Structure formats: C-alpha cells, structure tokens
Amino acid sequence: MVVAVSPLPLPLLLLLVRAAVGSAAGAVGASGGGQLWCVAKNNAEDGALQSAIDWACGPNGGADCRAIQQGGACYEPQDLLAHASYAFNDYFLRSGGAASPAACDFSGAAALIGLNPSRGNCVFPSSSSPKNGSFVGITTYGQTGSGLSSSSSWQLRLWSLLLCISLSVTMFIVLHS
C-alpha cells in the first residue's frame, strides 16, 4: 500500500513546531528580544570579584547596590558571584548598556549574556542588544527567574518529541513509497 503525502503538511508542521519551541524557549528565561545582561564569570577569582563589587558600588562606580545588601531583594543567596553579577549589571546599565559594551569587563571578570539571570524577586534589568549594526532601545525589564517553570519545560519537551515523531513518520513514508 502506497500512502500519498501532501507537500504542505510537513512545512506547516515545522513552522508550527518552530513557533511553539520559540515560545517555550522564551518562557524559560532565554531572551528573545535581544536583551543583554552583564554578569560575573564563573571562573573569576573571589578577590577580583570583591574588588570589582567594591569599586562598582562605591562612589567611582555609582552602581545602586541596595538590592544586594542585607534585606535587599538580591541579598539571598549570600553568594559572591551572584552579588557581583547584580552590581556589574547595574553599573553596565548606568554606563550606557548595550551602547557601551566595554563597561561590562571588570578586568576580565564579567561577560555579556543573553540569558536572564533574574531569580524570584531578584530582577536584573536588561539592555537591548545591537540590531543591524546600531544600538536601539532603552533599558527594559526581562522575565524573572520564576519563568523557569516546570510547565514551560514540559511544553518544550513535548514539542521536541512531536517534532521528532513527525520527522520520523515523514522519513518512513518517503523511504517506503
């Protein structure tokens, strides 16, 4: 028995899966809007991070570090890397954000990322990334870490599974027709 396959369903299915996976990826904290955050590098030495925090939060840096002080929304967990990331990001935004990428260096202890580091009530503001060679936009607020929900995670896995199944069925039909 030969099964006829219409050429329209596969491209339509792929388009729908791509849209669904894109939506699910956005729901788990990935920046779909070209947003950037300045965070501390995982391999940065503690001494370098503490010095950079002291400078960024001091009078020369001018970052607003109240959120990483005791009682602040980003104080917990008491983690040097997390505190440095918040201070670096605030300084980066106050220094022009995406229009001034060099402001996210801190002697090599920081890097720009496109994945929102916010978690719970600790919200990291973001900066728009360059588009077509020019920098556009102003500081915006990305999704919070609460976007890392199990519901969006299972949706992404479901759509990935459906894509694999549909491609397998399509390949089987094509090979056996």
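**Salt bridges, strands and a pocket**

Modeller: In this predicted model, Asp90 and Arg94 form a salt bridge, with their closest N and O atoms 2.5 Å apart.

Biologist: Why is the pair of Asp90 and Arg94 called a salt bridge?

Modeller: The cut-off is 4 Å between a side-chain nitrogen of Lys or Arg and a carboxyl oxygen of Asp or Glu. Asp90 and Arg94 come to 2.5 Å, so the pair counts. The two residues both lie in helix 3, four residues apart, which is about one turn of the helix.

Biologist: Is Asp90 buried or exposed, and how do you know?

Modeller: Buried means under 20% relative accessible area. Asp90 has 9% relative accessibility, so Asp90 counts as buried.

Biologist: What other salt bridge does Arg94 make?

Modeller: Arg94 also meets the side chain of Asp64, at 3.8 Å from N to O. That value is within 4 Å, so this pair is a salt bridge too. Arg94 lies in helix 3, while Asp64 lies in the loop between helix 2 (46-57) and helix 3, so the pair ties together parts that are 30 residues apart in sequence.

Biologist: Which salt bridge does Arg66 form?

Modeller: The partner of Arg66 is Asp64, and their closest N and O atoms are 2.7 Å apart. With this pair included, the rule gives three salt bridges.

Biologist: What makes the approach of Ser118 to Asn116 a polar contact?

Modeller: The limit for such a pair of N or O atoms is 3.5 Å. The side chains of Ser118 and Asn116 make a polar contact at 2.7 Å, which is within that limit. A polar atom of the Ser118 side chain also lies 2.7 Å from the backbone nitrogen of Phe124.

Biologist: What makes strand 1 a partner of strand 2 and of strand 3?

Modeller: Pairing needs at least two bridges. Strand 1 (residues 35-40) has two bridges to strand 3 and four to strand 2, so both pairs qualify. Strand 1 runs antiparallel to strand 3 and also to strand 2. Gln35 has Ser128 of strand 3 as its bridge partner, and Val39 stands opposite Ala111 in strand 2.

Biologist: Why are both faces of strand 1 said to be covered?

Modeller: In a regular strand the side chains alternate between the two faces of the sheet. Gln35, Trp37 and Val39 on one side are buried, and so are Leu36, Cys38 and Ala40 on the other. Strand 3 (residues 125-128) also has both faces covered, with Pro125 and Ser127 buried on one side and Ser126 and Ser128 on the other.

Biologist: How is the lining of the largest pocket made up by class?

Modeller: The lining has seven nonpolar, two polar and one charged residues. Arg119 is in the lining and Arg counts as charged, so Arg119 is a charged lining residue. The lining also includes Val39, Leu81 and Phe124. Helix 3 gives the most, with three residues, and the pocket has a volume of about 160 Å³.

Technical notes:
Residues numbered from 1 in each chain as written. Predicted model: local features only at pLDDT ≥ 70, side-chain atom pairs only at ≥ 80, totals over all residues. Heavy atoms only, no water. Buried < 20%, exposed > 50% of the residue type's maximum accessible area, 1.4 Å probe, protein only. 1 Å grid on protein atoms, 1.4 Å probe; cavity = no way out; pocket = protein on both sides within 12 Å on 5 of 7 lines; lining within 4 Å. Points joined across faces, edges and corners; volume = space filled by probe spheres on them. Polar contact = N/O pair within 3.5 Å; in protein donor to acceptor, adjacent residues only side chain to side chain.
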